[in-house]
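Here is a short walk through one protein model. Keep the sequence and the coordinates open as you read.

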Amino acid sequence: MSVEYKYHPKKQATIVTAPFSGGQPKGGVELGPEYILKAGFQEQLQSLGWNVELENPLESTNYEKSKSDDKDEYGIKNTKIVSECCEKIHNSVKGIANNGRLPITVGGDHSIGTATVSAMLAHNPDTCILWVDAHADINTPKTTDSGNLHGCPLSFVMGLDSDSYPEEFSWVPQLLKANKIAYIGLRDVDDGEKRILKENNIAAFSMYHIDKYGIGQVVDMALNKINPDRDCPIHLSYDVDAIDPSFVPATGTRVEGGLTLREGLFVAEAVAETGLLSSLDIVETNPLLGENDNHVLDTVSAACAIGRCALGQTLL
């Protein structure tokens with residue numbers, strides 16, 4: 001069974017490396033891209049028939065040394081470096097998409113979602129977002145308790161509580177509409193985020209829904225909400241912590257009771273099968289948080305497998 005990609009029939013992709021940890025306090029997630037590439041990710045995609053280039057918009061930066069655990073007057077941390085990092089990645093991803101290639105952004109923490117989602121919506125405003133994650137990542141500076149910006153990327157692109165935004169985020173185009181995003185795999189959602197999801201009627205499928213309906217039906221339900229006619233491009237933003245930590249232990253915010261590895265890969269396979277994938281994020285692989293080499297290997301392998309499945313690898 002081969003997958004036809006409506007928006008990328010020539011199968012040209014660019015891996016955007018995003019070695020950045022400033023959206024959260026733990027070190028090591030900036031090493032994710034390096035480990036994933038060393039595992040042969042580029043070659044794996046090429047073996048599926050894709051022409052794959054590399055781009056590193058953060059190459060000349062040194063954000064890791066500027067990281068701080070101090071909150072600013074808005075109650076958030078590392079505002080300046082997260083904004084600068086995201087603007088660079090936004091420009092890179094948008095340029096790649098405008099040149100007809102499929103951007104695959106490999107993180108790094110999920111704060112870079114501000115960059116990738118806004119870039120793909122700027123490229124094509126019909127883009128819908130499938131956010132696969134244990135967390136909703138839709139806190140605003142007003143609702144976040146931790147001040148960690150990897151929990152806030154979507155609020156900036158939606159313009160939620162925009163009066164609370166630091167001026168550094170004024171560059172972000174607020175293009176995301178509530179009916180164009182759906183979540184799969186949620187199981188650790190803050191009270192403020194629950195309110196935001198309900199007030200904005202955002203499609204959110206937790207592990208409860210997956211247990212009740214099965215992963216296949218949940219993917220269909222999510223796409224029915226945001227892409228009912230199956231005629232819009234899909235940006236798949238995939239946090240490896242959506243998968244249960246028994247399968248992907250080397251990640252920063254582990255939450256028990258997640259997707260099995262097969263369920264997690266099925267989501268990517270199902271998106272590929274639509275033929276509508278236009279861009280992909282794979283984030284939150286942290287090689288320093290594995291307790292042993294197998295933990296790191298399992299997590300990196302899962303990240304690579306997510307990418308392969310999204311780009312057309314099938315079981316038969």
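The model is predicted. Start with Leu 261. Its relative accessibility is 30%, so Leu 261 counts as partly exposed; buried would require a value under 20%. Leu 261 sits in helix α9. Setting aside neighbours within four places in sequence, Leu 261 is in contact with Ile 243, Phe 247 and Ala 302. Ala 203 gives a sense of scale. From Leu 261 to Ala 203 is 58 residues in sequence, and their C-alpha atoms are 23 Å apart in space.

With a relative accessibility of 3%, Asp 241 counts as buried, because the threshold is under 20%. Beyond its neighbours within four places in sequence, Asp 241 is in contact with Asp 133, Ala 134, His 135, Arg 187, Thr 251 and Thr 253.

Follow the contact to Asp 133. This residue lies in another loop, between β4 (128-132) and α5 (153-158). Asp 133 has 0% relative accessibility, so it counts as buried. Its side chain makes a polar contact, at 3.2 Å, with the side chain of Trp 131. Not counting residues up to four places away in sequence, Asp 133 touches His 110, Ile 184, Gly 185, Leu 186, Asp 239, Asp 241 and Ala 242.

Several of these names return in the record. An unreviewed UniProt entry places the feature "binding site" at His 110, Asp 133, His 135, Asp 137, Asp 239 and Asp 241. Why can these positions be treated as one spot? They span 132 residues in sequence, but no two of their C-alpha atoms are more than 12.4 Å apart, so they gather together. From this set, His 110, His 135, Asp 137, Asp 239 and Asp 241 belong to the lining of the largest pocket.

Now turn to the nonpolar packing. The largest nonpolar core has 55 residues. Ile 104, Leu 130, Ile 184, Leu 236 and Leu 311 have the most contacts inside it. Helix α10 (residues 293-310) supplies the largest share of this core, nine residues. Take Ile 104 as an example. Leaving out neighbours within four places in sequence, Ile 104 is in contact with Ala 13, Thr 14, Ile 15, Val 16, Phe 41, Leu 45, Leu 280 and Leu 311. Apart from this core lies another, of 45 residues, which includes Tyr 63, Ile 112, Tyr 165 and Trp 171.

How values were computed. Residues numbered from 1 in each chain as written. Predicted model: local features only at pLDDT ≥ 70, side-chain atom pairs only at ≥ 80, totals over all residues. Heavy atoms only, no water. UniProt positions renumbered as here; feature names shortened; annotations may be inferred. 1 Å grid on protein atoms, 1.4 Å probe; cavity = no way out; pocket = protein on both sides within 12 Å on 5 of 7 lines; lining within 4 Å. Helix = DSSP H or I, 4+ residues; strand = E, 2+ residues; numbered from the N terminus. Buried < 20%, exposed > 50% of the residue type's maximum accessible area, 1.4 Å probe, protein only. Contact = heavy atoms within 4.5 Å. Polar contact = N/O pair within 3.5 Å; in protein donor to acceptor, adjacent residues only side chain to side chain. Core = buried A, V, L, I, M, F, W, Y, C linked by side-chain atoms within 4.5 Å.
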